[in-house]
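Here are some notes to read beside the structure. Keep the view open and find each element as it comes up.

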Amino acid sequence: MSFTLCTWNINSVRLREPIVLKLLEEQAPDVLCLQECKSPVDKIPTEGFAALGYTHMVARGQKGYNGVAILSKIPMVEAGAEDYAQLGHARHIAGKLENGVTIHNHYVPAGGDVADREVNEKFGNKLDYLTDMRDAYRADAPKKSIVVGDLNIAPREDDVWSHKQLLKVVSHTPIEVEHFHDVMEAGKWVDITRQDIPDGLLYSWWSYRAKDWNAADKGRRLDHVWATPDISNAAHGSRVYRDARGWEKPSDHAPVFATFDL
């Protein structure tokens, strides 16, 4: 069974329903994982998605903030939702496909503007969330699993437009990168995007603040696809669909794709 998966921080699924439908029509992934849906589950506009064949959904939502959902053409059942760092936020949902693959969809806290938990509670929340992820994967080693989502960290020097200028900027600080790698090591996760695209600058997010995001190209790779070693060799075809960042009323994130032949 081959399936293509896409992860996308949509920055309001109701506001941006038209471009979600556009992506589903034009790119037709088998599974679409959304973050920052900003909607209660019962307000997610599922009718249009179902009309395109996405008849399965697992989700966690809340009004105006956070929220995660997995839409699928493939039969899928819910496989849990964790409240990492006990924030009371809708930031994680898992779905299990009929082929036995479990997909974990995460929206890791952004962490605010100051990279110091002593003066910025949001940064502490981010580190605590990652620590809880690490501990969960250490306690229960994942198998036949995929992690996707807006993890809000660009770990590599070539995952940001300027390593030197962003070293003290939240999303690329050494302590965040260390926590990121601790989570990866705990689950023996493989970075599928970089397995397929090992070299070169690669971004999935561009700030709304740039007058011309495309020309400035000051991006960061905040959105990730990981897999456990037992299925990582089945992955291929990774790509960032940069075009979507230029659509009408876009998210500031671009969709990230990978295909698995299992």
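This is a predicted model: local features need pLDDT of at least 70, side-chain atom pairs count only at pLDDT 80 or more; totals for chains, interfaces and linings use all residues.

1. **A six-stranded sheet.** Start with the open sheet whose strand order is β3-β4-β2-β1-β14-β13. It has six strands, and their pairing is mixed. Which strands stand at the edges? They are β3, residues 56-60, and β13, residues 235-240. Each has a single partner strand, so one side of each is left without a neighbour in the sheet. On average, neighbouring strands here are turned by 15° against each other, direction ignored.

2. **A parallel pair.** Strands of a sheet pair through backbone hydrogen bonds, either parallel or antiparallel. Look at β1, residues 2-9, and β2, residues 31-35. They pair in the parallel sense, over five bridges.

3. **Antiparallel pairs around β4.** Now move to β4. Five bridges join β2 to β4, and these two strands run antiparallel. Here Val31 stands opposite Ser72 of β4. Five bridges also join β3 to β4, again antiparallel. On that side, Arg60 has Val68 of β4 as its bridge partner.

4. **A covered strand.** Is β4 mostly covered or mostly open? This strand, residues 68-72, is mostly covered: five of its five residues are buried. Check both faces. Val68, Ile70 and Ser72 lie on one side, Ala69 and Leu71 on the other, and all are buried.

5. Return to the pair β1 and β2, which run parallel over five bridges. Helix α1, residues 17-27, packs on their sheet. The helix touches β1, β2, β13 and β14 (256-261). Its direction makes about 155° with that of β1. In α1, the residues Ile19, Val20, Leu21, Leu23 and Leu24 are buried. What do the buried residues of α1 pack against? They pack against β1, β2, α2 (46-51) and β14. Just after the helix, Ala28 takes a positive phi of about 50°.

6. **Another open sheet.** Six strands form an open sheet in the order β5-β6-β7-β8-β12-β9. Its pairing is mixed. The edges are β5 (76-78) and β9 (190-191). Each of these has a single partner strand, so one side of each is left without a neighbour in the sheet. At one end, β5 and β6 pair in the antiparallel sense over three bridges.

7. **The largest pocket.** How much space lies in the largest pocket? About 1100 Å³. Its lining counts 39 residues. Nearest its centre are Ala110, Gly112, Asp113, Asn152 and Trp205. Three elements each supply at least two lining residues: α3 (121-139), β10 (205-206) and α7 (213-216). The largest share, three residues, comes from α3. By type, the lining divides into 16 nonpolar, 11 polar and 12 charged residues.

8. **The second largest pocket.** This pocket has a volume of about 270 Å³. It is lined by 15 residues, and His104, Ala136, Tyr137, Asp140 and Pro142 are the closest to its centre. The elements giving two or more residues to its lining are β6 (92-97), β7 (102-107) and α3. The lining divides into seven nonpolar, five polar and three charged residues.

9. **A loop residue to check.** Asn120 lies in the loop between β7 and α3. Is Asn120 buried or exposed? Its relative accessibility is 11%, and buried means under 20%, so Asn120 counts as buried. What is Asn120 in contact with, leaving aside its neighbours within four places in sequence? The contacts are Gly111, Gly112, Asp113 and Val114.

Terms used:
Residues are numbered from 1 along each chain as its sequence is written. Side-chain values use heavy atoms; hydrogens and water are left out. Two strands pair if DSSP finds at least two bridges between them. Helices (H or I, at least four residues) and strands (E, at least two) are DSSP runs, numbered from the N terminus. Axes are lines fitted to C-alpha atoms, for helices over the stretch in contact, and angles run from 0 to 180 degrees between N-to-C directions. Contact means heavy atoms within 4.5 Å. On a 1 Å grid over the protein atoms alone, a cavity is a set of points where a 1.4 Å probe fits but cannot get out, and a pocket is an open set with protein on both sides within 12 Å along at least five of seven lines; lining residues have an atom within 4 Å of a point. Grid points are joined across faces, edges and corners, and a volume is the space filled by probe spheres set on the points. Ala, Val, Leu, Ile, Met, Phe, Trp, Tyr, Cys and Pro count as nonpolar, Asp, Glu, Lys and Arg as charged, and the others, Gly among them, as polar. Buried means under 20% relative accessible area, exposed over 50%, partly exposed in between (1.4 Å probe, protein chains only).
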